[in-house]
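Here are my notes for a first look at this structure. Please read them with the model open beside you.

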Amino acid sequence: DGIIYVLLTGIAWRHLPRELGCGSGVTCWRRLNAWQQAGVWSGMHQVILKRLRKTGVLNLYRAIVDSSSVRAVKGGNHWAEPHGSREKGSKHHLLVDAGGIPLVVGLSGANVPDVLTLEYLVSNLPHIGGRRGKPAHKPNRLHADKGYASKKNRRFLVKIGVKCRIARKGIDSAEHLGRHRWVVERTIAWFHRFKRLRTRYERNPETHMAFMLLAAALICWRQVTGKGL
């Protein structure tokens, strides 16, 4: 409860109210990192994805990738100064299903081009069970904007049997692309409702990734309960 409270409100660990009965902020911080190292957050996310597939909510016919930049006020690994800005920054990377359910999250420096992250996102899609037959581990189609366009990415998707729907520079219009990309932009907005993710305060990238995975699990759980976000 203390970890979720910090994720939602964005307060410093030392300001975690004792009256919540969650122990000290230091204890919650230690649990967050210990459970990240033990794979608890990623495991919880995958369990909920399995339940969503079992109930028919998960739609892997189409997947979409995108990223968003956030300030990284304390530096640390996976941050850089964005071009033309003095602010230190990081990037959140997302792979979502056709309905915007987060499948894979990633973190990089703000100066890392999106084109270099597509293979990582798709390759890290977990094997999702929940139905008879083989677990699902790739979408039928992948949509992405022009920032992901490269021959290497297209060859990679063809190799693993995923139909490529990456916008072609100077050919595909943003209006046509937006028919499918709006769902990932909505998911990014869901992530930014967690105030701890609007600005990166953690020097250790694994700590920030723990928050991202927990947020992904909570967003997925809202889909299970039907409450949305």
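1. **A term to start with.** A residue is called buried when its relative accessible area is under 20%, exposed when that value is over 50%, and partly exposed in between. By this cut-off, 48% of the 229 residues of the chain count as buried. Keep in mind that this is a predicted model.

2. **Overall layout.** The chain has eight helices and six strands. Read from the N terminus, the order of elements is α-α-α-β-β-β-α-β-α-β-α-α-β-α. Take the contacts between residues at least 6 apart in sequence: 63% of them join residues at least 24 apart.

3. **The largest nonpolar core.** In soluble globular proteins, nonpolar side chains tend to be buried together. Here the largest nonpolar core has 30 residues. Ile 3, Val 105, Phe 191, Leu 197 and Phe 211 have the most contacts inside it. At least two residues of this core come from each of α1 (2-9), α2 (25-37), β2 (89-97), β3 (102-109), α6 (174-192) and α8 (205-225). The biggest share is that of α8, which gives nine residues.

4. **Val 105 up close.** Which residues does Val 105 touch, not counting those up to four places away in sequence? They are His 93, Leu 94, Tyr 120, Leu 121, Phe 191, Met 209, Met 212, Leu 213 and Ala 216. Phe 191, one of these partners, is also listed with Val 105 among the residues with the most contacts inside the largest core.

5. **Helix α1.** The buried residues to look for in α1 are Gly 2, Ile 3, Val 6 and Leu 7. Seen down the axis of α1, they fall within an arc of 140°, so they line one face of the helix. Just after α1 comes Gly 10, with a positive phi of about 80°.

6. **Helix α5.** Look next at residues 151-160, which form α5. Asn 153, Phe 156 and Leu 157 are buried there. Their directions from the axis of α5 fall within an arc of 95°, so these buried residues line one face of the helix. What sits on the face turned away from the buried side? That face carries the exposed residues Lys 151, Arg 155, Val 158 and Lys 159. Among the elements covering the buried residues of α5 are α4 (118-123), β4 (141-144) and β5 (163-166). Gly 161 follows α5, and its phi is positive, near 80°.

7. **One cavity.** Rolling a probe the size of a water molecule over the atoms shows where empty space is left. How many cavities of 30 Å³ or more are there? The count comes to one. The largest cavity has a volume of about 30 Å³. Its lining consists of Ser 68, His 92, Leu 94, Ile 188, Phe 191, His 192 and Met 212. By class, four of these lining residues are nonpolar, three are polar and none is charged. β2 and α6 each supply at least two residues of the lining. The most come from α6, with three residues.

8. **Tyr 61.** Find Tyr 61 in the loop between α3 and β1 (62-72). Is Tyr 61 buried or partly exposed? Its relative accessibility is 38%, so Tyr 61 counts as partly exposed. Tyr 61 touches Asn 140 and Arg 141, leaving aside residues up to four places away in sequence. Tyr 61 and Arg 141 are 80 residues apart in sequence, yet 6.2 Å apart in space, C-alpha to C-alpha.

9. **Arg 186.** This residue belongs to helix α6. Arg 186 has 31% relative accessibility and therefore counts as partly exposed. Not counting residues up to four places away in sequence, Arg 186 touches Gly 99 and Gly 100. Between Arg 186 and Ile 101 the separation is 85 residues in sequence and 10.0 Å in space, C-alpha to C-alpha.

Definitions and conventions:
Residues numbered from 1 in each chain as written. Predicted model: local features only at pLDDT ≥ 70, side-chain atom pairs only at ≥ 80, totals over all residues. Heavy atoms only, no water. Core = buried A, V, L, I, M, F, W, Y, C linked by side-chain atoms within 4.5 Å. Buried < 20%, exposed > 50% of the residue type's maximum accessible area, 1.4 Å probe, protein only. Helix = DSSP H or I, 4+ residues; strand = E, 2+ residues; numbered from the N terminus. Contact = heavy atoms within 4.5 Å. Arc of directions from axis to C-beta. 1 Å grid on protein atoms, 1.4 Å probe; cavity = no way out; pocket = protein on both sides within 12 Å on 5 of 7 lines; lining within 4 Å. Points joined across faces, edges and corners; volume = space filled by probe spheres on them. Nonpolar A, V, L, I, M, F, W, Y, C, P; charged D, E, K, R; others polar.
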